[in-house]
Amino acid sequence: MEKQNKLQGKTFIITGASSGMGKATALLFSKEGAELVLSGRNVERGIELVSEIETMGGKAIFLAGDVAELTHNQALVEAAFQHFGKLDGLVCHAGMLGLGAITDLEPSLWRETFAVNVDAVFYLLKFALPELLKRPSAAVVINVSIAAYKSFPNHPAYCASKAALLALAKQAAVEYAPSIRINSICPGPVDTPLIHASAAAFPDPAKAVENAGKNTLLQRLGQPEDIAKLCLFLASEESSWITGAAFNIDGGILAKG
Ligand SMILES: NC(=O)c1ccc[n+]([C@@H]2O[C@H](COP(=O)([O-])OP(=O)(O)OC[C@H]3O[C@@H](n4cnc5c(N)ncnc54)[C@H](OP(=O)(O)O)[C@@H]3O)[C@@H](O)[C@H]2O)c1
């Protein structure tokens, strides 16, 4: 029997697609038949990803921009209609760390972290939800972090913004049920450029990434592809009775307490 693609003919916007988990999600969604509007700031990596997807026979466009800008989010939704004539879902991966202890952190960096991690998702939802309401089986996946539940040294802006994002995702799920399913994922340590940047804020930066993997029950860092598989499940009909949920995907680190 021929394999059925899980997202055949669906159009998704993916933010943070130029790197890490966003890139892995874009590649997996494309293999499963989705048409993609990809967002990021790094134009070179965005163009490379589009060409990789096209070489595999997929369809994608890349829009460079800052997710903290209202207009970039509007442009992403417009691009979905311009290029593919519809929008079926979102995967919001874009995020930043905003490192620094409370007493050292510049208020401007605190604000920027909230703008990228929280305001951006609010903006994208604001433009996308009215369109998603018109589609059958629309789905939204929001990348939060275990940082919404757990503190990390010198990560106050990150942890606080991710907790706010988790609350926003739950609120959106309640307001837009039953038409749109909206779920969050809370990754633990995943091997992307972001976790290597995060290590700088730990007392022993050289060991921080290695320890982060070893400290999970499964004794390794997550890979971006591990996260992409959960995004696919939550974006597809396989999760048709799941909304308003937050999935820990953390190698078991939260279970350890
Ligand atoms: N890695 C982990 O251990 C971990 C754990 C839990 C949760 N997370 C979350 O996972 C998500 C993806 O991060 P990642 O680990 O895959 O890191 P990554 O490889 O560094 O990717 C981050 C992505 O976000 C984009 N981005 C950042 N600021 C942006 C802005 N102002 N405007 C537009 N795009 C912006 C980056 O685009 P450019 O590179 O083009 O600037 C990049 O595509 C983030 O929300 C992060 O908080 C990560």
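Predicted model: local features only at pLDDT ≥ 70, side-chain atom pairs only at ≥ 80, totals over all residues.
Local features need pLDDT of at least 70, side-chain atom pairs count only at pLDDT 80 or more, and totals for chains, interfaces and linings use all residues. Residues are numbered from 1 along each chain as its sequence is written, and side-chain values use heavy atoms, with hydrogens and water left out.

Helix H3 spans residues 70-84, and helix H4 spans residues 107-132. Helices (H or I, at least four residues) and strands (E, at least two) are DSSP runs, numbered from the N terminus. H3 and H4 pack at an angle of about 30°, and their axes are 8 Å apart. Axes are lines fitted to C-alpha atoms, for helices over the stretch in contact, and angles run from 0 to 180 degrees between N-to-C directions. H3 and H4 are therefore roughly parallel to each other. Angles under 35 degrees count as roughly parallel, over 145 as roughly antiparallel, 65 to 115 as roughly perpendicular and the rest as oblique. On the H3 side, the contact includes Leu-70, Leu-76 and Phe-81. Tyr-123, Phe-127 and Glu-131 are among the H4 residues that they meet. Contact means heavy atoms within 4.5 Å. The residues of this contact divide into nine nonpolar, two polar and one charged. Ala, Val, Leu, Ile, Met, Phe, Trp, Tyr, Cys and Pro count as nonpolar, Asp, Glu, Lys and Arg as charged, and the others, Gly among them, as polar.

A second pair is formed by H1 (residues 20-31) and H8 (residues 224-235). The packing angle is about 55°, with the axes 8 Å apart. H1 and H8 are therefore oblique to each other. H1 contributes residues including Met-21, Leu-28 and Phe-29. H8 contributes Ile-227, Lys-229 and Leu-232, among others. The contact of H1 with H8 has ten nonpolar, two polar and two charged residues.

A backbone N or O atom of Met-21 lies 2.9 Å from a ligand oxygen atom. For Asn-143, a side-chain N or O atom is 2.9 Å from an oxygen atom of the ligand. A polar backbone atom of Gly-188 is 3.4 Å from a ligand oxygen.

Two loops carry backbone features. Ala-177 and Pro-178 are joined by a cis peptide bond, with omega about 0°. Pro-178 lies in the loop between helix H5 (156-176) and strand E6 (180-187). Asn-154 has a positive phi, near 60°, and is not a glycine. Asn-154 lies in the loop between strand E5 (138-143) and H5.

Notes
Polar contact = N/O pair within 3.5 Å; in protein donor to acceptor, adjacent residues only side chain to side chain.
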